[in-house]
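The following paragraphs go through a predicted model.

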Amino acid sequence: NVEDAIFTFERSLFTPNSKFDQFLRGDANALTNNEKEGYRRFKAYGCATCHQGMLLGGNLFQKTGIFGNYAQDRGNETDADFGRFNVTGNEEDRYVFKVPGLRNINETAPYFHDGDVETLEESVKLMARYQLGRSINQTDVDLIVEFLKTLTGEMEVIS
């Protein structure tokens, strides 16, 4: 029963036919110009370095805070902020988390391991700062968020 439940749950996570999927299949009109520009900037800033593959992430682990310590800067650091270190006990795993897949990201707020970030806009700004060591202007943030919203697919009804 547990195996069936997990299979059914995982199958429910697959949401095909997002606007981005349609674009990747060759429909150049599936995305607006702003969404295409957001995708271009997503890649140009380096977001796709970690958020890659079919799910745009979810297939590697990365330190949260390459260019600063997110947990310490946020304040009230807890053991949960130590990530994989809590499992392995290896110091190099401190603050290391699985890179989340971005499919359906517009539907899964709040964000980050601590659920402390309410919006995609703030997530993009924080990731730029802590993972890329960059400050992104509001226009670029808005365009990247427009692209991220194209990653929401069609939910399959499982009965």
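The largest pocket holds about 700 Å³ of space. His51, Pro100, Leu102, Phe112 and Met127 are the closest to its centre, out of 32 residues that line this pocket. The largest share comes from H6, with seven residues. Sorted by class, the lining of the largest pocket consists of 20 nonpolar, ten polar and two charged residues.

Helix H6 spans residues 120-132, and Leu120 belongs to it. Leu120 is buried, at 6% relative accessibility. Leaving aside residues up to four places away in sequence, Leu120 touches Ile105, Asn106, Tyr111, Val145, Leu148 and Lys149. Between Leu120 and Ile144 the C-alpha to C-alpha distance is 9.3 Å, with a separation of 24 residues in sequence.

That leaves the cysteines. How many disulfides does the model have? The count is zero. A disulfide is a covalent bond between the sulfur atoms of two cysteines. The cut-off used here for the pair of sulfur atoms is 2.5 Å. For Cys47, the closest cysteine sulfur is in Cys50, at 9.1 Å, so the two are too far apart for a bond. Seen from Cys50, the nearest cysteine sulfur is that of Cys47, and Cys50 is in no disulfide. Cys47 is buried, its relative accessible area being 16%, and Cys50 also counts as buried, at 17% relative accessibility.

Terms used. Residues are numbered from 1 along each chain as its sequence is written. This is a predicted model: local features need pLDDT of at least 70, side-chain atom pairs count only at pLDDT 80 or more; totals for chains, interfaces and linings use all residues. Side-chain values use heavy atoms; hydrogens and water are left out. Buried means under 20% relative accessible area, exposed over 50%, partly exposed in between (1.4 Å probe, protein chains only). Helices (H or I, at least four residues) and strands (E, at least two) are DSSP runs, numbered from the N terminus. Contact means heavy atoms within 4.5 Å. On a 1 Å grid over the protein atoms alone, a cavity is a set of points where a 1.4 Å probe fits but cannot get out, and a pocket is an open set with protein on both sides within 12 Å along at least five of seven lines; lining residues have an atom within 4 Å of a point. Grid points are joined across faces, edges and corners, and a volume is the space filled by probe spheres set on the points. Ala, Val, Leu, Ile, Met, Phe, Trp, Tyr, Cys and Pro count as nonpolar, Asp, Glu, Lys and Arg as charged, and the others, Gly among them, as polar.
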